[in-house]
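The report that follows reads a single model element by element, moving from one residue to its surroundings and then to the wider fold.

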Amino acid sequence: MASKLKHEQVQYIEFLSKDINRAKEFYTKSFGWKFTDYGPDYTAFEGDYVDGGFTAGKPVKGTVLVILYSNDIEATQQKVVAAGGKIVKDIFSFPGGRRFHFTDPDGYELAVWSL
């Protein structure tokens, strides 16, 4: 745990979700995230670099854009769509790589980028 705690770097991201079980299913299918439940209104995920969680509540779109990295952006996009995500910006090039944006079942917009 201590190795991922980097001074002044993002370490935890918390989302609101209208349906925590739906959020868990979506992120498990899309990205293979594993969850630990802490009661009916909170679930947490642990990553190699950033941890996070989902708590019961009404999502608010546009507050933070979370960007994930992928070694195979096309395959990741297919997984997101198959899990129920909606592509809002198809794969596009930018200086330094390519990325796409999608919304999850709660309406949060996230992005995935690749070299």
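In which strand is Thr-43 found? In this predicted model, Thr-43 is found in strand S3, which comprises residues 42-45. Thr-43 is buried, with a relative accessible area of 0%. A polar atom of its side chain lies 3.3 Å from the backbone oxygen of Thr-36. Apart from residues up to four places away in sequence, Thr-43 touches Ile-20, Lys-24, Phe-35, Thr-36, Asp-37, Gly-52, Gly-53 and Phe-54.

Strand S3 pairs with strand S4 in the antiparallel sense over four bridges, and the two form a hairpin with five residues between them. Within this pairing, Phe-45 stands opposite Gly-52 in S4. Strand S4, residues 51-56, is mostly covered, since five of its six residues are buried under the cut-off of 20% relative accessible area. S4 is also joined to S1 by six bridges, and these two strands run parallel; here the bridge partner of Leu-16 in S4 is Thr-55.

The segment before strand S1 (12-17) holds Lys-4, which counts as buried at 7% relative accessibility. The C-alpha atoms of Lys-4 and Asp-51 are separated by 9.2 Å, although the two residues are 47 residues apart along the chain. Asp-51 is also one of the residues that Lys-4 touches once those up to four places away in sequence are set aside, the others being Gln-11, Glu-46, Gly-47, Asp-48 and Tyr-49.

Helix H1, residues 20-31, has 12 residues and reaches 16 Å from its first C-alpha to its last, close to the 16 Å expected at 1.5 Å a residue. Its buried residues are Ile-20, Ala-23, Lys-24, Phe-26, Tyr-27, Ser-30 and Phe-31. They cover an arc of only 165° around the axis, which puts them on the same side of H1. At the start of the helix, a side-chain oxygen of Asp-19 reaches to within 3.2 Å of the backbone nitrogen of Asn-21.

In helix H2, the buried residues are Ile-73, Thr-76, Gln-77 and Val-80. Seen down the axis of H2, these residues fall within an arc of 100°, so they line one face of the helix. Gln-78 and Ala-82, on the other side of H2, are exposed. The cover over the buried residues of H2 includes H1, strand S6 (86-94), S7 and S8.

A glycine with a positive phi comes just after each of these helices, as the table sets out.

| Helix | Residue just after it | Phi |
|---|---|---|
| H1 | Gly-32 | about 75° |
| H2 | Gly-84 | about 110° |

**The largest nonpolar core**

In soluble globular proteins, nonpolar side chains tend to be buried together. The largest nonpolar core of this model has 19 residues, of which Tyr-27, Phe-31, Trp-33, Phe-54, Phe-102 and Leu-110 touch the most other members. The elements that give two or more residues to this core are H1, strand S5 (66-69), helix H2 (73-82), strand S7 (97-103) and strand S8 (109-114). H1 gives the most to this core, with four residues.

Trp-33 shows how parts of the chain come together here: leaving aside neighbours within four places in sequence, Trp-33 is in contact with Tyr-27, Thr-28, Phe-45, Phe-54 and Leu-68.

**Strand S5 and its partner**

In a regular strand the side chains alternate between the two faces of the sheet. S5 and S8 run parallel and are joined by four bridges, and the bridge partner of Tyr-69 in S8 is Trp-113.

Ile-67, in strand S5, is partly exposed, with a relative accessible area of 40%. Not counting residues up to four places away in sequence, Ile-67 touches Arg-99, Ala-111 and Trp-113.

Notes: Residues numbered from 1 in each chain as written. Predicted model: local features only at pLDDT ≥ 70, side-chain atom pairs only at ≥ 80, totals over all residues. Heavy atoms only, no water. Expected span 1.5 Å × (residues − 1). Buried < 20%, exposed > 50% of the residue type's maximum accessible area, 1.4 Å probe, protein only. Arc of directions from axis to C-beta. Polar contact = N/O pair within 3.5 Å; in protein donor to acceptor, adjacent residues only side chain to side chain. Core = buried A, V, L, I, M, F, W, Y, C linked by side-chain atoms within 4.5 Å. Contact = heavy atoms within 4.5 Å. Pairing = 2+ DSSP bridges.
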